[in-house]
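Hi,

Here is the structure I said I would pass on. Have a look at it first, and my notes follow below.

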Amino acid sequence: MTRLTPMVIGAIAFTASATTPAFGAPSALAFQLPSLALPSSRASSVVVPRKGVSPILRMSSSGGDAEGGFSVPSIPYVTKSVPSDRSSDLMLGEDAAVFDIRNESWGEPGDVGWTTFFAAVGTIMTAVVALWVYSPTGYGDDFVAALESACGGNSHLVTLAFGIIFPLVHSGLASLRPLGEKVVGARTWRVIFAFPSLCLAYSWIAYFISHAHDGIQFYDISGVEAVHTAAWITNFVSFLFLYPSVFNLKEVAAVEKPKIHLWETGIIRITRHPQFVGQAMWSAAHLAMVGTSFTALTMALLVGHHAFACWNGDRRLEAEHGEDFLQVKERTSIVPFKAIIEGRQALPKDYYKELLRAPYLLIAAGSAGAYFAHPYMQAGAALAKNTGLVEGGIFDGLFS
């Protein structure tokens, strides 16, 4: 079971990047580790330094008392975002990936702080493992076995089924969000939305890794060093095309109230639907390395889902923000750089300040870590496949 831990983290990150309020589509079928750069409602205390000495932040469980806390230096671009020149912006949308560590705190359990965040994520991970991943108690193996039985053991039909079921569940629940939030509230609906998405994401990830080489082998150039390098670079860059809402993990975990954000800066200047672009890049990189019919079908399903999400995301943003979104939409494009080339969008001279922010730095580090975690992903998928079906699960006793 320990080998499956990276797989579970990958599924959670996969779905976290998919739970962006404006979308309802999965991000790259890979380990995506968004940053922890989030605002908090509890302010941390700052020790005022002597002249010429950098201020030192002290964070503690109380969020205000420096005693017993730890010190973090205030470093431009790393622990505090530097604003760019937004004089030519409409100022209708939010500034993406803004971060100031002085606004962060651990907080007490139940507060909008990192203690509550990690407790919530730990609870969700435990539930996913117990109810879905771990074969003796979970139902993930039963679900995959049922799909394989229905598809006659054809792995292509199984991944096609995943490519239909996941969008229906994930995008369907995302689209039902306005109604669901009225009934159960924003935080509860986020949990209802995320849990089945996490479970399905895990199963699809594991199944893809186990069957990536199935079917017709169109080509095999994975041993060409130049191809490997190009695929790695493309894959790495694709992770930077994350929708800015992914950066707010507290909203993803329902610690803070989830919102449908309208972003106007950062990667949105280049493309209004960065996850679609990132998914296309990720899929192209992996298809270059694994040229089989199974991989081609899976990549097409992922990109197709994201293409649908472009329309669905725009629809939901317009429903939430109305005319403000329509004005931002006019200044942006789905195709990268198209709005800039056409003169509808202008990058500020200090645009780099919108990208040199802690979330992007942590995404870059996480992306590199995901590459080195590939052997563990493959081991986890092999373990799940070799374990096979263990019929039933934790709730069977309730119905016996």
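How do the residues of the lining of the largest pocket divide into nonpolar, polar and charged? They come out as 15 nonpolar, 8 polar and 1 charged, where Ala, Val, Leu, Ile, Met, Phe, Trp, Tyr, Cys and Pro count as nonpolar, Asp, Glu, Lys and Arg as charged, and the others, Gly among them, as polar.

Before the rest, some housekeeping. This is a predicted model, with pLDDT of at least 70 needed for local features and 80 or more for side-chain atom pairs, while totals for chains, interfaces and linings use all residues. Numbering starts from 1 along each chain as its sequence is written, and side-chain values use heavy atoms, with hydrogens and water left out.

Back to the largest pocket. Its volume is about 680 Å³, and 24 residues line it, with His 286, Met 289, Val 290, His 374 and Gln 378 nearest its centre. Helix 6 (186–211), helix 7 (225–239), helix 9 and helix 15 are the elements that each give two or more residues to that lining. Helices here are DSSP runs of H or I with at least four residues, strands are runs of E with at least two, and both are numbered from the N terminus.

On the pocket and cavity search: it runs on a 1 Å grid over the protein atoms alone; a cavity is a set of points where a 1.4 Å probe fits but cannot get out, a pocket is an open set with protein on both sides within 12 Å along at least five of seven lines, and lining residues have an atom within 4 Å of a point. Points are joined across faces, edges and corners, and a volume is the space filled by probe spheres set on them.

The whole structure has 4 cavities of 30 Å³ or more.

Two helix pairs next. Helix 14 (residues 358–372) packs against helix 15 (residues 374–387) at about 55°, axes 4 Å apart; axes are lines fitted to C-alpha atoms over the stretch in contact, and angles run from 0 to 180 degrees between N-to-C directions. The two are therefore oblique to each other (under 35 degrees is roughly parallel, over 145 roughly antiparallel, 65 to 115 roughly perpendicular, the rest oblique). Ala 370, Tyr 371 and Phe 372 in helix 14 meet His 374, Pro 375, Tyr 376 and Met 377 in helix 15, contact being heavy atoms within 4.5 Å. By class, that contact has 6 nonpolar, 1 polar and no charged residues.

Helix 10 (residues 293–321) and helix 11 (residues 323–330) sit at about 135°, axes 6 Å apart, which makes helix 10 oblique to helix 11. Their contact divides into 3 nonpolar, 1 polar and 5 charged residues.

Finally, there are 12 salt bridges (a side-chain nitrogen of Lys or Arg within 4 Å of a carboxyl oxygen of Asp or Glu). One joins Asp 89 and Arg 269 at 2.7 Å, N to O. Asp 89 is in the loop between strand 3 (70–73) and helix 2 (114–133) and Arg 269 in the loop between helix 8 (249–252) and helix 9 (274–289), so the pair ties together parts 180 residues apart in sequence.

Cheers
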